[in-house]
Amino acid sequence: QKTSLAPNGVKDLKDPALVGEKHPPWPKHFSRYKRKAIFSGSDVEHNRKAVQLIVEQIAPRLNTECGFIIQGACGRRFRSQAGENVYFDLAWDSFERYACPGVVGLNPVTQGAGTNLKLSHYLAHGLPVLSTRFGVRGYRELEPLVNLCPIEGFAEALCRMDFKPRFVDDSLQPYLWSSIAGHLRDVYLDLLDRTDSNASHC
């Protein structure tokens, strides 16, 4: 009764129907890929491991079928390993430029602690998501919205997935900043009411 939970949060939902009018800054030859996948993350160990899996195991198997965008500092150590279908953007704030129809959010995470904020970030931008089961830990309510697959099946899953933008249901609502802020506001107001009530009895 003395604890209130505020989960890792993301910006409020973006209507997938409004996404796609932009022209993402990937290389011109990426236009030949009907399927594109993005992995976004900071430069920490579990993200570096995921980038390594994409660059060495997943992307080479889909050289003509899918283009991969590695966005954020997680790709800093791997730029020299870029293949024809792998593009790196190290800017920390460029994710929204790539969140458009035909793009899947990837979460091939196999280690680390805490929730993977990128999962809810992908969903809030209307992207279909492919993740390991480990990658959805702490997000039980969101599991039905995510395509789950072991690492060794990621390439095949990307070939089968529906890449259309999706509308996210109310499952993501508790992870939106507006909901989290509203909940915390209510907690503080309740505490203030209790304080005022106790003071009046003194």
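Here is a friendly conversation about how the features of this predicted model get their labels.

User: What should I keep in mind about the model before we start?

Analyst: This is a predicted model, in which local features need pLDDT of at least 70 and side-chain atom pairs count only at pLDDT 80 or more, while totals for chains, interfaces and linings use all residues. Residues are numbered from 1 along each chain as its sequence is written, and side-chain values use heavy atoms, with hydrogens and water left out.

User: How many aromatic pairs does a search of the whole structure find?

Analyst: The search finds six aromatic pairs. Phe-30 and Tyr-33 make one of them: their ring centres are 5.4 Å apart and their planes stand at 80°.

User: Why is the pair of Phe-30 and Tyr-33 called edge-to-face?

Analyst: Rings of Phe, Tyr and Trp (its six-membered ring) pair if their centres lie within 6.5 Å; planes under 30 degrees apart count as stacked, over 60 as edge-to-face and the rest as tilted. With centres 5.4 Å apart and planes at 80°, Phe-30 and Tyr-33 are therefore an edge-to-face pair.

User: Are Phe-30 and Tyr-33 buried or exposed, and how do you know?

Analyst: Buried means under 20% relative accessible area, exposed over 50%, and partly exposed in between (1.4 Å probe, protein chains only). Phe-30 has a relative accessible area of 0%, so Phe-30 is buried. Tyr-33, at 1%, counts as buried too.

User: What kind of aromatic pair do Tyr-139 and Tyr-175 form?

Analyst: Their rings are 5.2 Å apart centre to centre with 65° between the planes, which is edge-to-face. Tyr-139 lies in the loop between strand 5 (129-131) and strand 6 (147-148), and Tyr-175 in the loop between helix 3 (154-160) and helix 4 (177-200), so the pair ties together parts that are 36 residues apart in sequence. Helices (H or I, at least four residues) and strands (E, at least two) are DSSP runs, numbered from the N terminus. Tyr-139 counts as buried at 1% relative accessibility, and Tyr-175 does at 7%.

User: Why can strand 2 be described as largely enclosed by the rest of the structure?

Analyst: Six of the six residues of strand 2 (residues 66-71) are buried, so the strand is largely enclosed. Cys-66, Phe-68 and Ile-70 point one way, Gly-67, Ile-69 and Gln-71 point the other way, and all are buried.

User: How do you know which strands pair with strand 2?

Analyst: Two strands pair if DSSP finds at least two bridges between them. Six bridges join strand 1 (residues 35-40) to strand 2, and four join strand 2 to strand 3 (residues 86-89). The strands run parallel in the pairing with strand 1 and also in the pairing with strand 3. Phe-39 stands opposite Ile-70 in strand 2, while Phe-68 stands opposite Val-86 in strand 3.

User: What makes Arg-32 and Glu-84 a salt bridge?

Analyst: A salt bridge is a side-chain nitrogen of Lys or Arg within 4 Å of a carboxyl oxygen of Asp or Glu. The closest N and O atoms of Arg-32 and Glu-84 are 3.5 Å apart, and the pair forms a salt bridge. Arg-32 is in the segment before strand 1 and Glu-84 in the loop between strand 2 and strand 3, 52 residues apart. Arg-32 counts as partly exposed at 48% relative accessibility, as does Glu-84 at 43%. By this rule the count comes to nine salt bridges.

User: Which parts of the chain does the salt bridge of Glu-156 and Arg-61 tie together?

Analyst: The side chains of Glu-156 and Arg-61 meet at 2.2 Å, N to O. Glu-156 lies in helix 3 and Arg-61 in the loop between helix 1 and strand 2, so the pair ties together parts that are 95 residues apart in sequence. Glu-156 counts as partly exposed at 32%, and Arg-61 at 47%.

User: How do you know that Lys-118 has no salt bridge, and what does Lys-118 touch?

Analyst: Lys-118 is buried, and the nearest side chain of opposite charge, Asp-43, is 11 Å away. Here Lys and Arg count as positive and Asp and Glu as negative, while His and the chain ends are not counted. Lys-118 lies in helix 2 (residues 117-124). Not counting residues up to four places away in sequence, Lys-118 touches Phe-39, Ser-40, Gly-41, Asn-47, Leu-106 and Asn-107, where contact means heavy atoms within 4.5 Å.
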